[in-house]
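This briefing is meant to be read beside the sequence and the model. Please keep both in view.

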Amino acid sequence: MKTQLKSITESILFGGEDYGIIHNDLHALHNIYSSLTGIGAYDVNNGGDIFTDKGKAISPVKAAHCLLEVMRTSKFLRGINTALQRLIKKNPGKRILILYAGCGPYATLITPLTTIFSPAEIGICLLDINETSLAAVQQLYNALKLNDYVTEYIHADATLYKTETAPDMIISETMLNALAKEPQVAIMMNLVPQLSEKGVFIPESITVTASLLSPALEQESFLVAGMIPERIHLAELYTIGQYQYDTCKPTIVQIPAQPGTFNILSLMTDITVYGEEKLTAYNCSLTIPITQLNALEHAGKKITYRYEISNIPGFRYDFSET
Ligand SMILES: C[S@@+](CC[C@H](N)C(=O)[O-])C[C@H]1O[C@@H](n2cnc3c(N)ncnc32)[C@H](O)[C@@H]1O
């Protein structure tokens with residue numbers, strides 16, 4: 001099984017951009033993981049979301065399903081592989097400590113990389129708030145005999161967790177588009193300051209902007225390969241990343257007096273996983289634009305956006321006095 005895991009991993013990392021091939025690779029991984037954990041992405045038991053005062057932690061089945069998002073999973077794995085290669089090169093002889101906050105039942109974003117790096121090169125702390133997910137990942141690592149990599153399995157809330165040793169890398173993908181509903185921001189605010197001095201947070205940064213979209217151009221871009229539709233950038237609302245993790249300040253967005261065909265105000269999400277590995281509009285569920293309002297109906301108005309960290313985190317807006 002380890003040989004199969006290695007060849008699938010190499011295909012995802014180095015096999016090019018063919019969507020169909022990566023799709024099949026991820027389904028092959030899913031067959032392995034689901035058979036060893038008893039948790040599958042298509043299981044009907046969809047209960048088990050955990051609701052916290054900083055957002056929702058999705059259930060083991062939903063977390064398992066994230067594996068199958070082709071561009072998300074492949075870009076994260078490629079970015080993490082590159083980041084680890086660099087960290088190892090910069091720190092010869094050191095075991096790179098990785099904290100994976102929100103690992104889910106498969107530790108999707110690190111398990112394949114155990115076929116690339118040795119337990120002497122990387123040590124992994126697997127953390128999740130969901131006990132079922134944590135038990136599943138433990139079962140998976142026992143079955144695949146990967147326990148030499150694991151420094152600890154931790155059942156904890158990553159928005160509060162304090163590390164004893166500063167990790168060289170922290171991985172956390174606990175988000176939806178426009179940073180809504182899930183606790184990514186609260187997790188980053190807690191964990192980024194705990195990185196070691198030259199450590200790497202994955203994803204490196206997430207930016208949400210307000211833009212005007214033309215429905216006709218967006219539609220056309222789905223049909224024309226490589227087309228990036230023209231959009232009107234109104235304002236950057238927030239960037240959170242390893243170099244910038246302040247709370248979000250309110251931003252005033254001015255809707256033009258005549259938006260013309262660019263009549264849909266949307267929130268756009270761009271993710272830099274690491275270096276050149278980026279996810280942009282429509283690449284995956286995390287970067288699908290979120291429609292806010294019809295700009296023609298609100299032409300000339302000003303809107304104030306605020307990001308709220310609460311049990312349902314996300315951007316809220318209200319119309320500003322002009
Ligand atoms: C979107 S899933 C991602 C699963 C997997 N890491 C992946 O990328 O495919 C998010 C995971 O983070 C966990 N999680 C969410 N909020 C958390 C929190 N506050 N503390 C610890 N884990 C959390 C969930 O239980 C879930 O397993």
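The points below go from the whole chain to ring pairs and then to backbone details.

The model is predicted: local features need pLDDT of at least 70, side-chain atom pairs count only at pLDDT 80 or more, and totals for chains, interfaces and linings use all residues. Residues are numbered from 1 along each chain as its sequence is written, and side-chain values use heavy atoms, with hydrogens and water left out.

**Overall fold and size**

- The chain contains seven helices and 15 strands; helices (H or I, at least four residues) and strands (E, at least two) are DSSP runs, numbered from the N terminus.
- The radius of gyration is 20 Å, close to the 20 Å from the globule rule for 322 residues, so the chain is as compact as a globular protein of that length. The radius is taken over C-alpha atoms, and the rule is 2.2 Å times the number of residues to the power 0.38.
- Along the principal axes, the C-alpha atoms fill a box of roughly 60 × 45 × 40 Å.
- Of the contacts with a separation of 6 or more, 74% are between residues 24 or more positions apart; a contact means heavy atoms within 4.5 Å.

**Surface and charge**

- Of the 322 residues, 54% are buried, where buried means under 20% relative accessible area, exposed over 50%, and partly exposed in between (1.4 Å probe, protein chains only).

**Aromatic pairs**

- Seven aromatic pairs turn up in a search of the whole structure. Rings of Phe, Tyr and Trp (its six-membered ring) pair if their centres lie within 6.5 Å; planes under 30 degrees apart count as stacked, over 60 as edge-to-face and the rest as tilted.
- Tyr33 and Tyr106 form a tilted pair, because their ring centres are 5.0 Å apart and their planes are at 50 degrees. This pair links distant parts of the chain, 73 residues apart: Tyr33 is in helix H2 (residues 19-37) and Tyr106 in the loop between strand S3 (96-101) and strand S4 (122-128).
- Tyr33 is buried at a relative accessible area of 0%, and Tyr106 is buried at 1%.
- Tyr305 and Phe315 are an edge-to-face pair, because their planes are at 75 degrees, with ring centres 6.4 Å apart. Tyr305 is in strand S14 (residues 302-308) and Phe315 in strand S15 (residues 314-319), so the pair ties together parts 10 residues apart in sequence.
- Both Tyr305 and Phe315 are buried.
- A cluster linked by ring pairs consists of Tyr238, Tyr305, Tyr307, Phe315, Tyr317 and Phe319.

**Backbone details**

- Ile202 and Pro203 are joined by a cis peptide bond with omega of about 5 degrees. Pro203 sits in the loop between strand S7 (200-202) and strand S8 (205-213).
- Ala107, not a glycine, has a positive phi of about 45 degrees. Ala107 is in the loop between S3 and S4 and is buried, with a relative accessible area of 0%.
- Ala178 also has a positive phi, near 55 degrees. Ala178 lies in the loop between strand S6 (169-171) and helix H6 (184-191) and is buried at 4% relative accessible area.
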